[in-house]
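Dear colleague,

I am passing on the structure that you will be looking after from now on.

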Amino acid sequence: MKAPVGWLRDYVDLPESSHEIAELLASIGFPVDAIEPRPELSNVVVGRIDTLQKHPNADRLQVAKVDIGLRQPLNIATAATNVAVGQMIAVAMIGAQLPNLKIERRKMRGFESEGMMISADELGLPADWFEDGILQMDAETLLGADVISYFRLRDDVLDVDITTNRPDAMSMTGLARELAAATGKELRLPPELQHAEGRIGARDRDAKKDADGPAVSIRSADCTRFVAQRFSNITVRQSPLWMRVRLALAGQRPINNIVDVSNYVMLEVGQPLHFYDAAHLSGNHLIARDAAPGEKLVTLDDVEHELFQTDLVIADEQAVQGLAGIKGGKNAEVTAGTRKIILEAANFNGARIRRMSAAHGFRTDASTRHEKTLAPILTDLGAARAATLLIAEGAAAHAPHAFGDSLQKQTPVHLPLGEPKRLLGFDLNAKEIRALLSPLGFNSEQDGDQALLIQPPAWRNDVTISADVVEEIARMAGYDRVPMVMPAIATHDIASAAYHLENRIAYSLEALGYYEIVSYSLQGAGVRQRFSNAGLSLRAREVEIRNPLSAEQTFLRSALEPGILDHFARMDQPIKIFELGHVFEQGDRIEEIPMLAMGWAVENAREPNWRDSAFLQFKGDCEELVRRLTGRKPEASRDTYLGMHPGKCATLSLDGVEIMHLGAADPRLLHGYEIRRAVYLAVIPLTHIPEPAIPQYRPGSRFPSTTRDLALVVALEVSAKAIEQTIASTIGDLGKSVRVFDEYRGPQVGENQKSLAARMVLQRDDTTITDEEADEAVARALSALKSELGAEIRS
Amino acid sequence: MSQLAQQLGEIKGRFDAALSRAADDAALEALRVAFFGRIGEITLLRRSIGKLPPAERPTAGKIINDTVASMEEQLSAVQAKLESAQFASELGKDIDVTFPSTEPAMGSIHPIRRLTEIISGYFERHGFAVVLGPEVEPDYYNFDALNIPAGHPAREGFDSFWLTDTLLLRPHTSPMQIRTMQQHQPPIAVIVPGKCYRRDAVDARHSYMFHQVEGLLVAHGIHFGHLKAMLTGMCSELFGPESSIRFRPSYFPFTEPSAEVDARCPLCKGRGGSCRMCGGSGWIELGGSGMVHPNVLREMKYDPEVVSGWAFGFGIERMALRRYDVDDIRRFFENDPAFLRQLR
Ligand SMILES: [Zn+2]
């Protein structure tokens with residue numbers, strides 16, 4: 001909310017510096033988002049045009065004698081056309097500072113001008129919100145008065161952030177009250193805004209004083225109170241300049257003296273008002289009701305709205321005259337010819353107004369206040385303040401009539417005296433508490449020995465429980481008084497396992513040379529498209545976002561691999577990366593799975609079709625990760641996986657449970673991403689990684705070992721794993737390690753065959769193994785290899 | 001006897017010649033074997049003593065022993081000379097130690113995780129558990145249970161991505177307050193790091209996806225002072241031992257009283273001015289905090305008159321931008337290796 005400091009000064013004495021005021025506001029919970037500085041201004045006074053003549057040497061200039069209350073009038077030349085003798089105007093004297101302009105003695109076509117008549121623009125006000133040409137002062141303004149200090153044009157405007165629980169502070173008087181309480185200064189309110197509590201019960205007292213006043217029927221529980229008041233003898237014209245300047249500084253465009261009063265009261269008191277031209281209402285009767293099917297309303301801004309049955313409207317006996325709490329209708333608009341008006345100051349259920357505002361996509365200054373549910377007392381205060389301002393404009397005010405709920409005191413809050421200490425950690429006695437709360441309008445009395453009964457003021461419907469009161473106390477006492485005490489936390493049974501697993505993964509992969517990335521969880525349709533261009537379709541149905549901000553946010557990701565590929569495409573360099581993140585699948589319900597994906601982009605190698613050294617390196621990384629996480633070495637087996645090369649894809653398992661899938665990326669997919677390197681991918685759901693096994697130490701044998709290499713020829717489909725397993729299971733305890741270490745295919749072995757070299761390390765724990773034992777073990781292994789796998793010794 | 005002396009002289013002559021040619025340890029070892037080995041010349045000569053008359057044997061033994069002693073001396077002298085020559089040659093090597101190093105092929109931890117870990121680690125050492133939660137959450141966990149019923153004005157502050165009428169991407173980590181309190185009884189002491197989503201237009205300071213770290217402590221006798229002490233300690237880890245924090249009153253529906261938390265700027269020590277890190281305010285905004293609202297405790301079937309607690313929720317990126325002096329929040333999600341390498 002824009003709060004002109006000059007306006008706030010009406011109600012409370014404030015420090016000179018805007019920054020100091022901003023800090024004060026922030027210290028009590030109203031941070032200032034921005035201080036809009038006012039321009040440098042000086043030496044502008046009120047003058048009256050006494051004579052006006054054509055400039056002797058220039059057709060388009062006139063020369064005026066302007067009385068500024070001194071003995072000698074000033075001779076001033078002007079090109080403006082809206083000037084006339086007798087007008088009160090603003091004069092910048094020689095030496096005056098205006099935005100981007102300093103007034104100096106100068107000759108205009110041979111005539112020496114002793115100052116300048118100025119426009120609103122030249123006072124730093126929005127030019128198109130004021131009259132063209134020279135700014136006209138009100139007739140009763142004092143000659144020679146300092147325009148800048150009179151209108152407080154040097155005081156900055158604060159953009160104050162008001163939390164949604166404090167609609168009472170969305171007003172100049174509301175903010176002034178907070179500032180007065182924070183500084184201990186007196187709050188000066190207009191008389192009709194004082195003694196709010198005294199109005200409680202006003203409905204009965206004011207009834208039937210205006211026999212010709214409008215009847216109001218409330219036919220919805222969402223309209224809680226409706227103050228209606230009749231004004232006659234209305235003359236619609238421009239508002240006095242002081243009001244127009246104030247509205248403009250607060251960001252509100254001046255319209256006419258009636259509309260301006262409603263805006264002024266909304267900004268000053270916080271209660272939105274609406275004025276109806278009584279001549280355009282059918283029957284002296286306003287009805288607050290739900291909209292009927294098919295009803296329409298043209299609002300003041302000339303927009304036609306189809307009304308929903310969920311809309312709350314204000315209607316007369318014939319038609320809808322306004323969208324409750326949001327905007328009035330065009331039909332009964334106050335216009336130049338308006339003579340009698342009906343004032344509406346109403347209170348609505350905020351949630352209802354919020355839903356209506358959202359349904360119509362229509363937010364106004366009124367709805368931003370009403371949607372937070374205002375205190376009902378504001379209806380009466382707003383009407384009373386409007387009456388004063390309208391009377392000043394010559395209107396005749398009739399008695400207000402209040403309809404709906406009568407005004408109630410807020411429910412008092414029981415505050416045990418130990419409560420501030422229990423929640424804030426520091427002690428306050430009853431006297432201190434009362435002194436802190438009283439400037440905010442809270443009354444309190446002793447409630448037994450150990451408690452206070454706190455009566456919140458009528459405008460504070462946000463304070464309903466003792467914690468709310470403690471917050472008020474903390475705000476006023478200042479959080480600086482909170483002591484520092486380390487908590488002693490008792491043991492509890494909440495586990496951090498999932499977090500620690502993620503960290504173990506991240507630090508393991510860092511050590512293996514992988515960079516962690518974090519990519520966006522939302523994506524566009526492009527991901528699915530890229531897969532389908534490669535002849536692949538994403539396994540899972542993606543979860544759709546209902547209200548994305550852009551086409552790139554339409555789906556939740558169903559896999560991490562596209563993010564990895566996207567990174568390789570964007571960065572175009574060889575690198576190892578990984579990401580830990582959630583993926584989402586749309587099934588009968590939405591599945592959310594924490595995942596790990598690893599990727600390696602590496603320069604293409606020239607290798608025969610049956611060899612891929614980088615794959616083996618990548619598999620080594622994957623196995624090492626599994627070992628670090630589980631303490632065990634996983635089994636690899638051939639597999640297929642979406643997006644992976646069908647001939648270069650494996651699954652790692654532990655005890656038959658799949659842990660991860662890895663492989664070279666499908667070349668068609670790489671083509672779609674325009675990646676020209678070889679890419680290896682691995683994916684691991686974090687949902688079934690077993691707890692780590694504790695490694696157990698086994699002392700090595702003291703006796704020498706012997707190493708035997710076997711050169712075998714086998715059919716192509718015989719895997720290295722099968723060779724190793726067959727040897728290992730045949731030679732049993734003698735085998736300390738069995739490893740296939742070379743593969744060859746080509747003319748030296750038959751077609752559909754390959755040659756594999758395996759190395760066995762043989763050793764006994766109890767004595768030195770003899771050559772005979774070793775030979776015998778090798779023979780057994782060869783025989784098993786031959787019978788089980790059809791392996792021959794390579795000659 | 002004289003024959004033996006003559007043989008010995010010849011052997012010694014061959015030894016001297018061989019020794020003068022020996023240029024390394026291997027040659028010396030070969031020499032040893034040739035003269036003193038199992039069938040070395042000296043060994044054989046010793047054996048021949050037995051053939052001499054008994055009276056000559058002691059003299060013969062003495063002559064051989066004397067010669068052997070002098071040969072051994074020669075051997076060790078040459079060996080010593082060879083060794084010192086080797087050391088001299090080894091010590092003579094001289095490299096340019098400023099030549100660029102070979103970098104180890106280490107990867108890196110993302111700065112978001114690193115910062116999360118510093119914060120979580122601090123709280124873990126003080127008895128907190130670190131829990132993770134889902135990013136798709138029902139409105140009950142995001143709002144209703146947190147004292148933000150439908151139609152509440154504060155819902156607007158959480159401009160969220162919706163998936164169904166009731167499911168949305170969590171706009172804050174606070175749903176895990178509810179999940180944790182539903183599953184456990186006080187004392188509750190948890191830290192919740194994780195991704196959050198809000199419909200913010202993306203620019204240098206805003207991202208629709210961001211990370212928060214949430215803290216919740218609920219037990220008997222917990223008050224704001226405990227929060228102040230814990231957060232001051234956290235800032236010491238983040239910004240150095242002279243750190244301090246301040247609270248500013250604020251409003252969150254799920255805490256009462258509520259406060260914004262600022263840390264004193266570590267660069268200008270709160271002086272502000274033209275400080276690049278805090279933008280001149282002297283303070284760095286961390287996020288919201290407060291005492292858990294009685295309605296939230298009651299929803300969890302806790303008695304708000306018996307237990308009390310506090311919660312906070314800080315934006316990780318906002319802290320990371322300050323801590324690592326990063327100019328644009330989008331860099332955290334671009335993952336340029338050059339960026340990641342600098343912040344590892
Ligand atoms: Zn600073």
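The notes below cover confidence, the fold of one chain and the contact between two chains.

This is a predicted model, in which local features need pLDDT of at least 70 and side-chain atom pairs count only at pLDDT 80 or more, while totals for chains, interfaces and linings use all residues. Residues are numbered from 1 along each chain as its sequence is written, chains are lettered from A and ligands numbered from 1 in the order in which they are written, and side-chain values use heavy atoms, with hydrogens and water left out.

The model scores ipTM 0.90 and pTM 0.88.

Chain A contains 20 helices and 39 strands, counted as DSSP runs (H or I of at least four residues for helices, E of at least two for strands). Its C-alpha trace spans about 130 × 85 × 60 Å along the principal axes.

Where the chains meet, 82 residues of chain A are in contact (heavy atoms within 4.5 Å) with 90 residues of chain B. Across this interface there are four salt bridges, each a side-chain nitrogen of Lys or Arg within 4 Å of a carboxyl oxygen of Asp or Glu. Arg113(B) forms a salt bridge with Glu516(A), with the closest N and O atoms 2.8 Å apart. On the side of chain A that touches chain B, helix α14 (residues 497-511) gives the most, with nine residues.

Best regards
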